Amino acid sequence: MRVRPLERADLPAATAILAAACAFDRAAVVADEKLFGRGPVGDPRAWGAWEGEALVGVAAICARYLRVLAVMPAARARGVGSALLATCETAAREAGEPRLRALDQPGNYLAPGIDVGNHEVITWLEKRDWVRDGEPRANLWIAVRDNPRVTKARAEALAEAVREQGYDVRRARVDETALVDAVAKEFGGAWPFELAAALQDPVGVHVALHEGAYCAFAAHDGNNRGLGWFGPTGTWPAHRGKGLGEALLLACLVDVAEHHERCEVAWIGPRPFYEKAAGLVEDRAFVAMIKRFT
Ligand SMILES: CC(C)(COP(=O)(O)OP(=O)(O)OC[C@H]1O[C@@H](n2cnc3c(N)ncnc32)[C@H](O)[C@@H]1OP(=O)(O)O)[C@@H](O)C(=O)NCCC(=O)NCCS
């Protein structure tokens with residue numbers, strides 16, 4: 001078995017591995033984004049493991065985050081995963097990173113940690129000196145079709161209700177950089193990065209303004225583009241409690257319904273907000289995991 005850097009020409013074979021190996025995440029749909037897409041702090045590094053001519057495993061890191069690690073089921077239990085993980089750990093350590101975290105890079109992440117049901121991977125990582133870090137994170141699923149709370153009519157009614165309070169509510173424009181700047185100033189972190197990705201055509205961002213100033217935004221398909229993944233969303237503090245978050249969430253859910261039956265709301269904040277606005281069909285929980293080098 002040989003481990004060497006993965007090239008774009010390997011993407012079809014790598015995608016097939018993610019489809020076969022990752023039972024908990026829709027990794028294959030976003031293979032290009034996870035293996036080769038930029039993160040908020042630079043480009044990723046991806047490797048493949050070959051047995052003869054066959055690609056049997058892939059892994060990628062971006063800065064101090066393990067983006068993805070997967071081995072073809074038929075090629076497991078002969079050291080492929082260990083070799084790929086060791087390559088990732090060595091590269092991160094040599095780049096001066098004090099630790100690696102599993103999956104949860106804000107801005108470009110497959111999931112906010114390892115799915116709690118993925119016992120095999122959690123145990124496998126623990127045997128390799130990875131430890132759990134902090135509280136589990138949650139994603140939610142919302143039904144966006146055949147859901148009386150998620151309809152175009154309700155989205156329009158909620159938008160109308162905030163317009164009556166003097167807000168301008170609309171879809172953001174392609175590359176609306178003033179919005180990215182405003183979100184960077186108010187919220188910071190990885191949100192501007194994710195938002196900029198959602199502002200590509202077709203734009204998955206809705207905004208509310210008051211007298212020309214941004215007051216709220218909601219985005220989908222910035223991270224994990226193509227999965228109908230919701231977030232980030234934020235309302236400026238002075239404008240909270242007026243229905244802006246719900247109106248913009250509904251606008252996004254109606255968009256997502258064009259391509260998906262359910263919308264995954266990632267790494268959630270206030271769960272009751274989503275429960276009230278659109279109802280929930282399922283929860284997902286994730287274990288944050290970390291490997292310290294020092
Ligand atoms: C986790 C995963 C990458 C491990 O891949 P793998 O190639 O089977 O890993 P290894 O072969 O190195 O290790 C598996 C076991 O086989 C053992 N093994 C390694 N070489 C061996 C050999 N030559 N003969 C027999 N057993 C061997 C290892 O010791 C290990 O057992 P342990 O965990 O009890 O120590 C793989 O299970 C996987 O792809 N899982 C799903 C992907 C996923 O969900 N990823 C997370 C989201 S990206």
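Reader: Which atom of the ligand lies 2.9 Å from a backbone N or O atom of Leu 69?

Author: A nitrogen atom of the ligand sits at that distance from Leu 69. Keep in mind that this is a predicted model. A polar contact is a pair of N or O atoms within 3.5 Å. Val 71 gives another case: one of its polar backbone atoms is 2.8 Å from an oxygen atom of the ligand. Ser 82 uses its side chain instead, with a polar atom 2.5 Å from a ligand oxygen.

Reader: How much of the ligand's accessible area does the protein cover?

Author: On its own, the ligand has 960 Å² of accessible area, and the protein covers 72% of that.

Reader: Now the whole chain. Into which domains is it divided?

Author: Domain 1 has two segments, 2–137 and 286–292. Domain 2 spans 145–260. Their C-alpha centres are 31 Å apart.

Reader: How many residues of each domain are in contact with the other?

Author: Domain 1 brings 14 residues and domain 2 brings 11. About 990 Å² is buried between the two domains, and carbon and sulfur atoms give 54% of it. On the domain 1 side, Arg 26, Gly 107 and Tyr 109 supply 46% of the area buried against domain 2.

Reader: Next, the backbone. What is the general rule for phi and for peptide bonds?

Author: Most residues other than glycine have a negative phi, and most peptide bonds are trans. Now look for exceptions. Leu 103 is not a glycine, yet its phi is positive, about 75 degrees. Leu 103 is placed in the loop between β5 (99–102) and β6 (114–115).

Reader: Where is there a cis peptide bond with omega of about 0 degrees?

Author: One joins Asp 201 and Pro 202. Pro 202 belongs to the loop between α7 (191–198) and β10 (205–210). Another cis bond runs from Gly 231 to Pro 232, with omega near 0 degrees.

Reader: In which strand does Pro 232 lie?

Author: Pro 232 lies in β12, residues 229–235.

Definitions and conventions. Residues are numbered from 1 along each chain as its sequence is written. This is a predicted model: local features need pLDDT of at least 70, side-chain atom pairs count only at pLDDT 80 or more; totals for chains, interfaces and linings use all residues. Side-chain values use heavy atoms; hydrogens and water are left out. A polar contact is a pair of N or O atoms within 3.5 Å; within protein, one must be able to donate a hydrogen and the other to accept it, and residues adjacent in sequence count only if both atoms are side-chain atoms. Accessible areas come from the Shrake-Rupley method with a 1.4 Å probe; for residues, only the protein chains shown count as cover. Domain bounds come from an automatic or database domain assignment. Contact means heavy atoms within 4.5 Å. Buried area is the accessible area (1.4 Å probe) that two parts lose on being put together, summed over both. Helices (H or I, at least four residues) and strands (E, at least two) are DSSP runs, numbered from the N terminus.
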